[in-house]
Amino acid sequence: LDASGADALLDLLDAHGVLHLPDQPLSPEQQMDLGRLFGPLQRTDYGLRHPDHDEIVHVTDVRKEDRITERWHADSTYVPDELTVCILQAVRVPPSGGDTMFADQVRAHDGLSDGMKDLVDGLRTIHTGSAFARLMGADPADAPRRTHDVVRTHPRSGRRFLYVNPAYVDRFEGMSRDESRGLLRTLFDRASSPDLVYRHRWSVGDVLVWDNRTCQHYAVHDYGSAPREMWRVSALDDGSGTPAARSAVSSW
């Protein structure tokens, strides 16, 4: 894949939000090279890190009650450097179950009534990583937080999308949690409406590529103690606001 091919993938992401590349098993190095076409990679310093590469999130078996990803979310919306393109590869999959669902936030916004669009346009929400920090055994008080517009405009496609998720949104800026709760619940429900959802049934070697801004996702833990292993890399916004295809990668 070269830079022009990566640009074509970005065009497809603008149109569809999530892409399925079947039967594309990648080495860790190849997956990182692919991710770097879209920007510098996020590095991890917590327990989900791949043992040999801190640019790879190593998603392995956890108890259902500890699985923070079994709820609708976009990844790391509370960190200073925004995640843009995410790439997830299936290394091991259970005999059944373990699907991942994606919800289209462009259509979520488009489907709001005119009155609701007017109401939320200009509102901002506070995103916090306190719940994730608590799960990782860190002090929630030290977790990063970031404020985002409820409705954003995609810097590449120009399309407007809803940007709220129940995993990390704490409240509206300038409001209390109690004041925020009702409207947030309405927006959360709209963001995950079943008619917006694509549900992916994994096979080993599947690679999914998605725009972390215009898609939320939900990992379904319905496979008991069967093995399930995924590798994820995420490109960061390099300051331009939009991913730009980088130099050619010959190993992929």
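A residue is called buried under 20% relative accessible area, exposed over 50% and partly exposed in between, with a 1.4 Å probe and protein chains only. The model is a predicted one, in which local features need pLDDT of at least 70 and side-chain atom pairs count only at pLDDT 80 or more, while totals for chains, interfaces and linings use all residues. Residues are numbered from 1 along each chain as its sequence is written, and side-chain values use heavy atoms, with hydrogens and water left out.

Q: Why is Trp-72 called buried?
A: The relative accessibility of Trp-72 is 12%, and the limit for buried is under 20%, so Trp-72 counts as buried. Trp-72 is found in the loop between S2 and S3; strands (E, at least two residues) and helices (H or I, at least four) are DSSP runs numbered from the N terminus.

Q: What does Trp-72 touch, not counting residues up to four places away in sequence?
A: With contact taken as heavy atoms within 4.5 Å, the residues touched by Trp-72 include Met-101, Phe-102, Asn-165, Pro-166, Val-197 and His-217. The C-alpha atoms of Trp-72 and Asn-165 are separated by 6.5 Å, although the two residues are 93 residues apart along the chain.

Q: What makes Tyr-78 and Tyr-168 an edge-to-face aromatic pair?
A: Rings of Phe, Tyr and Trp (its six-membered ring) pair if their centres lie within 6.5 Å, and planes under 30 degrees apart count as stacked, over 60 as edge-to-face and the rest as tilted. The structure holds four aromatic pairs; in the one formed by Tyr-78 and Tyr-168, the distance is 4.9 Å centre to centre and the angle between the planes is 70°. Tyr-78 lies in the loop between strand S2 (57–59) and strand S3 (83–92), and Tyr-168 in the loop between strand S8 (160–162) and strand S9 (169–172), so the pair ties together parts that are 90 residues apart in sequence.

Q: Why is the pair of Phe-161 and Tyr-163 edge-to-face?
A: Their ring centres are 6.0 Å apart and their planes stand at 80°, so the pair is edge-to-face. Both Phe-161 and Tyr-163 are buried.

Q: How do you know that Cys-86 and Cys-215 are too far apart for a bond?
A: A disulfide is a pair of cysteine sulfur atoms within 2.5 Å, whereas the sulfur of Cys-86 is 9.7 Å from the closest cysteine sulfur, in Cys-215, which is too far for a bond. The structure holds zero disulfides. Cys-86 is buried at 0% relative accessibility, and Cys-215 is buried with a relative accessible area of 4%.

Q: Why is strand S11 described as largely enclosed by the rest of the structure?
A: Five of the five residues of S11 (residues 207–211) are buried, so the strand is largely enclosed. Val-207, Val-209 and Asp-211 on one side and Leu-208 and Trp-210 on the other are all buried, so that both faces are covered. In a regular strand the side chains alternate between the two faces of the sheet.

Q: How do you know which strands pair with S11?
A: Two strands pair if DSSP finds at least two bridges between them; four bridges join strand S1 (residues 18–21) to S11, and five join S3 to S11. Within S11, Val-209 stands opposite Leu-19, and Trp-210 is the bridge partner of Cys-86.
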